[in-house]
Amino acid sequence: MTTTDVELVPIDEPPPMLHRSKGRGGTTLWRYLLVRFVLIFPTILILVTLVFFLMRLTGDPITAALGGRLPPDQLQERIEAAGYNRPLIVQYLEYLGHIFTGDFGTTLSDNQPVSEVLLTYGAATLELAIYALIIAFAVGIPFGMLAAARRDRPTDAVLRVSAILFYATPVFFSGLVAKLVFSVWLDWLPASGRADVRTEIALTREGGTGIYLIDALASGNPAYVQDVLIHAILPAACLGLLTAGIFLRLVRTNVIGTFNMPYIDAARSRGIREGRLVRTHAYRPALIPIITVIGLQIAVLLGGAVLTETTFEWKGLGFQLTQYLLARDFVAVQGIVVLLAIIVAFTNFIVDVIAAFVDPRVRY
């Protein structure tokens, strides 16, 4: 064969197989995201079903909340007026229909629409969760990188033990200890509430978002901003350190794993110091597992928020949930738990979307 018999392929035109491979990869990504989105709805349905029937194990909500407080004839009259004397499957189907329209029922203890309760107190829980996530990232990621850089040294040992303590300590216990130390003994920080009474009155009178920090910033009064932030330190720290322990161990493990990669060896051979290797080469791959577990940690944060809000009297959904449980108001409890389940389901989907674009290995 001579050189004239060879068919030359232009170098700026990739082989046809590359086009097909790229197309399959893109299609696979969107198929993966579509499947994850569709799975949200059966997940929510299963959670709503479990919550509904578990709440009815003790009987109808009217009897659970008002039994023993009303004469039997009045109690039966209320049960019939609310429709709780009908077959359970009929009540379940009717409840599903109401949820699709945003109607979660009416509380029995204070006669408020549950949807209004969710909007009023949901902003407080969202604000606390954001504070806690900021602290979790600020503590977990840099200290995880430090533990990896000081692997098998005293610093690493101290940080690993601290991470275990952060995660293993019950949030209500750490909250009580924090209140005792910083509020009672040292008198540095307030022990409870989202703000002082005067600040709360001013922020609620002006309306706003219900997120006090945003409302305080919008008011233009620095004293309100300072008051809101001071009240948030202890509850946010107790809840945030719970998640920071998980982030710290994940970052440490994955940064150490990347040290065995060929590009790290190549960078090390060029004389780059270990500290710079961690900061500029190893930490980015270590953040991918953090993204994938954020969805799970949202559930942990919401669960911890119930105890944190109760401990610090932070009037959010968790605090109200305990109040409605004490009042045996299962209609309100059911609405709050269902909303939390919906938030967790959609948060996991958003995390899956982010992880799919960041890490191609999650695309099926």
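Modeller: Start on the outward side of α10, where Leu217 and Ala218 are exposed. Keep in mind that this is a predicted model.

Colleague: Which residues of helix α10 are buried?

Modeller: Buried means under 20% relative accessible area. In α10, which spans residues 212-219, Tyr212, Asp215 and Ala216 are buried. Seen down the axis, these buried residues fall within an arc of 100 degrees, so they line one face of α10.

Colleague: What do the buried residues of α10 pack against?

Modeller: Look for contacts, meaning heavy atoms within 4.5 Å. The partners are three helices: α6 (114-149), α9 (197-205) and α11 (222-258).

Colleague: Take α9. At what angle do the axes of α9 and α10 cross?

Modeller: They cross at roughly 80 degrees and come within 10 Å. Angles of 65 to 115 degrees count as roughly perpendicular, so α9 is roughly perpendicular to α10.

Colleague: Which residues meet there, α9 with α10?

Modeller: From α9 come Glu200, Leu203 and Thr204; from α10 come Tyr212, Asp215 and Ala216. By class, this contact has three nonpolar, one polar and two charged residues.

Colleague: What comes just after α10?

Modeller: Gly220, with a positive phi of about 75 degrees.

Colleague: Now the whole chain. How many helices and strands are there?

Modeller: The chain has 15 helices and zero strands. It has 364 residues, and 40% of them count as buried. Among contacts between residues at least 6 apart in sequence, 72% join residues at least 24 apart. The accessible surface is about 20500 Å², with 66% belonging to carbon and sulfur atoms.

Notes:
Residues numbered from 1 in each chain as written. Predicted model: local features only at pLDDT ≥ 70, side-chain atom pairs only at ≥ 80, totals over all residues. Heavy atoms only, no water. Helix = DSSP H or I, 4+ residues; strand = E, 2+ residues; numbered from the N terminus. Buried < 20%, exposed > 50% of the residue type's maximum accessible area, 1.4 Å probe, protein only. Areas by Shrake-Rupley, 256 points an atom, 1.4 Å probe, with all protein chains shown as cover. Arc of directions from axis to C-beta. Axes fitted to C-alpha atoms, helices over the stretch in contact; angles between N-to-C directions. Parallel < 35°, antiparallel > 145°, perpendicular 65-115°, else oblique. Nonpolar A, V, L, I, M, F, W, Y, C, P; charged D, E, K, R; others polar.
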